[in-house]
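The sequence and the structure are shown first.

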Amino acid sequence: MSDAEAAPIVAVVGATASGKTGLALDLAERLDGEIVNTDAMALYRGMDIGTAKPTPAEQARVPHHLLDRLTVREPATVAEFQGWARAAIADVRGRGRTPFLVGGSALYTRAVVDRFEFPGTNPVVRARLEGDLARSGTAAMHARLAVVDAQAAARIEPDNGRRIVRALEVVEITGRPFSASLPAMEHADPRTVQIGVDIDRATLHDRVEERVRAMFEAGFVDEVRRLLDEGLAEGRTAARAIGYPEVAAYLQGELTLDEARERMVTATRRFVRRQDAWFRKDPRIVWVRWDDPARVDRAIDAVRKIGRAQPA
């Protein structure tokens, strides 16, 4: 199949709780598509409620890829995910169907749809920096990053030790800022369209609170308890998923249930602000209102324009 004949790649992006999953399912059904997960935490088996993973009923509507790929003990890297996702996209397109990328992890989505070559790694440098992190803590290491790469430090949360270490490693082994290695805003495949779900902040905050409430009612505490028995606390990636550390603290007697729930709401709202800021910087995204009755048709029009824009 030539590039001009291949189905478009459609990424449905936007903040957590904005309605991406529902829109993607509707689009995939209308356009003979399959869904490729781009949420870092939905890669993990058993992390169902807290990640708002598509339900069995939703997964039955259209085929899904890259769900339940890892155990909670295994790390996930953007570089490895890029390979998995691009292979899944090629498989879907090779069968004449349309891949729909859906998930809230902006970097994971950009790594798949944009031109993004990953710097190498150096185990000796990485081990030394991880030792520094263990001794000094995330705040000190974030301050250290700010000195050598202020742009990267501004993009990385001060408590995200793993990304801070990676940024410092890249700076040391390449001699260039980590921010220089972030994806270029250029689609790797020109037959790519990004559909953004537009929602106002007040409504989104209300939806976040309702989603968290529903998660606790659905058995989120039991899910975390089970995953802790499976090694969640030792997982370098899974243990950082929003809500899981808060509930783990409750189970250890460090927080009340109400405190854990409220901290999860606060962390999710903080996260959706970062998501929105990231996506709003991308002028290529076609935005549709979350409550627009014609949002599916508007999104389909954007997808079909990609086909018409390609040479015959």
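A residue is termed buried at under 20% relative accessible area, exposed at over 50%, and partly exposed in between, with a 1.4 Å probe and protein chains only. By this scale D292 is buried, as its relative accessible area is 16%. The model is predicted: local features need pLDDT of at least 70, side-chain atom pairs count only at pLDDT 80 or more, and totals for chains, interfaces and linings use all residues. Numbering runs from 1 along each chain as its sequence is written, and side-chain values use heavy atoms, with hydrogens and water left out.

**Salt bridges**

- R298 and D292 are joined by a salt bridge through their side chains, with an N to O distance of 2.6 Å. R298 is partly exposed at 48% relative accessibility, whereas D292 is buried.
- Salt bridges with shared partners connect D32, E34, D91, R95 and R97 into one network.

Helices (H or I, at least four residues) and strands (E, at least two) are DSSP runs numbered from the N terminus.

- R61 and E29 form a salt bridge through their side chains, at 2.8 Å from N to O. The pair links distant parts of the chain, since R61 belongs to helix α2 (residues 56-61) and E29 to helix α1 (residues 20-30), 32 residues apart.
- R61 is partly exposed at 36% relative accessibility, and E29 is also partly exposed, at 42% relative accessible area.
- E34 pairs with R97 in a salt bridge whose closest N and O atoms are 3.0 Å apart. Because E34 lies in strand β2 (residues 33-37) and R97 in the loop between α3 (78-94) and β4 (98-102), the pair ties together parts that are 63 residues apart in sequence.
- Both E34 and R97 are buried.

- Two packed helices are described by the angle between their axes and the distance between the axes.
- Axes are lines fitted to C-alpha atoms, for helices over the stretch in contact, and angles run from 0 to 180 degrees between N-to-C directions.
- The axes of α5 (residues 123-136) and α6 (residues 138-148) come within 7 Å and cross at roughly 125°.

Terms used:
A salt bridge is a side-chain nitrogen of Lys or Arg within 4 Å of a carboxyl oxygen of Asp or Glu.
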